[in-house]
Protein chains: 2
Amino acid sequence: MPNPTAAMLVIGDEILSGRTRDANMHHLAGELTRAGIDLKEVRVVSDDHAAIVAALNALRATWDHVFTSGGIGPTHDDITADAIADAFGARIDVRDDARALLQAHYDRQGTEMNAARLRMARIPDGATLIENPVSAAPGFTLGNVHVMAGVPQVFQAMVAGLLPTLTGGAPLISETLRIDRPEGDIAGPLGDIAAAHPDLSLGSYPFIRDGRYGANIVIRGTDPARVAAARAALAALFPGQTS
Amino acid sequence: MPNPTAAMLVIGDEILSGRTRDANMHHLAGELTRAGIDLKEVRVVSDDHAAIVAALNALRATWDHVFTSGGIGPTHDDITADAIADAFGARIDVRDDARALLQAHYDRQGTEMNAARLRMARIPDGATLIENPVSAAPGFTLGNVHVMAGVPQVFQAMVAGLLPTLTGGAPLISETLRIDRPEGDIAGPLGDIAAAHPDLSLGSYPFIRDGRYGANIVIRGTDPARVAAARAALAALFPGQTS
């Protein structure tokens, strides 16, 4: 059986102006190759509703999967979610599940939810959320289209969570452990835990909040008991510093 | 009057597989911005005749200029020139002007022209050549499509020669001086010459040949006398080492 095929749609004026060098295409290309999915085409379009809709509809009709990056942030030029909904003829509004993820994240941070942040909870009807272990605002899958953030750290975290669900393997479980310690302090113990759990994937997504360093550790695997055991083992090494 | 618009078509399986990280898109994006041309769309397609023809025809019908990179080398998978010709319905064969450029280059090198190298002289009828100061094999412009190499050093040299011809400025003259010295020895004097000729652009394209270092210096400007004077001044600094 031939490999599934894929396209990528990169959305962003900052790439086309040369202000920002795209990093996501190269990352996704390598990850898809490792996953046995053939990337056949990439398009980069500007922050323009009609351009996104046209490119999206051409790509999703041609290839098995379409991965998008960019345009799902809080500012007025983040129009990807609405364009995707329009391409599918799907209704879009703030969705409770996405709003709850954001609200919990901002509550932990002591940050106020405002109208701009709430835009990131706009999710088309029928879409399933893609986890964002870095900054909470989720991506989503609608049909054969996987909509992800443009910030490379977030894009990579979303790809890491999404890809194993596409390759026909067993369903993947994930748990997140927040550790309020610099990543350099976490790396050694985390490596030991990872070595002791070769059946799991452990990703570290560092953050700085109010000048203090921490990391969200995402533990993924197919056996819920193994995932929980790894999380507990890691948490035991940082007493009083995890949540 | 609004800026002219442009698209880029990147051709190459090695980009889509993640083996190679594309460098040309970011370079072209920056150069177009500086030149006052708006890059509106980029597509990356594989080394596939039908895919190249379809993408090329869509892009050239939509935007003022289309810049392509990749697929004009000597190997069997370098199919860009033939695909462009097909897209335009133009005849393509080895052309005498391109063959002469290659033959002179290989004669200087003591390299044999063979069937593979001769493929790089295949140019569609009606196209004008784009200079390649690095490795001789030319790119070409056909209609509003500018066909260039994928190797970043060559791509950048071609863009440097091509862009000033597109922005409505005075026609650009260019002369090349080969200096058989390491670029590190050339850089200082070259900088002085450049400073003394602020109306000219001086580019250095280094090479290694049979283990010896050298560079082709391309001098561009609108006044032939100034270009010739700068070339003579530079050559005088490296007696017996230029050609």
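The structure is a predicted model, in which local features need pLDDT of at least 70, side-chain atom pairs count only at pLDDT 80 or more, and totals for chains, interfaces and linings use all residues. Residues are numbered from 1 along each chain as its sequence is written, and chains are lettered from A and ligands numbered from 1 in the order in which they are written.

Two residues are in contact if their C-beta atoms, placed from the backbone, lie within 7 Å.

Chain A is assigned domain 1 (5-165) and domain 2 (173-236); such bounds come from an automatic or database domain assignment. The domain centres, taken over C-alpha atoms, are 25 Å apart. Eight residues from each domain of chain A make the contact.

The largest nonpolar core has 134 residues. Such a core is a set of buried Ala, Val, Leu, Ile, Met, Phe, Trp, Tyr and Cys residues joined through C-beta atoms within 7 Å; buried means that 20 or more other C-beta atoms lie within 10 Å of a residue's own. Among the residues with the most contacts inside this core are A:Leu9 and B:Leu9. Beyond its neighbours within four places in sequence, B:Leu9 touches residues including B:Arg43, B:Val45 and B:Leu56.

Terms used:
Buried ≥ 20, exposed ≤ 12 C-beta atoms within 10 Å, placed from the backbone.
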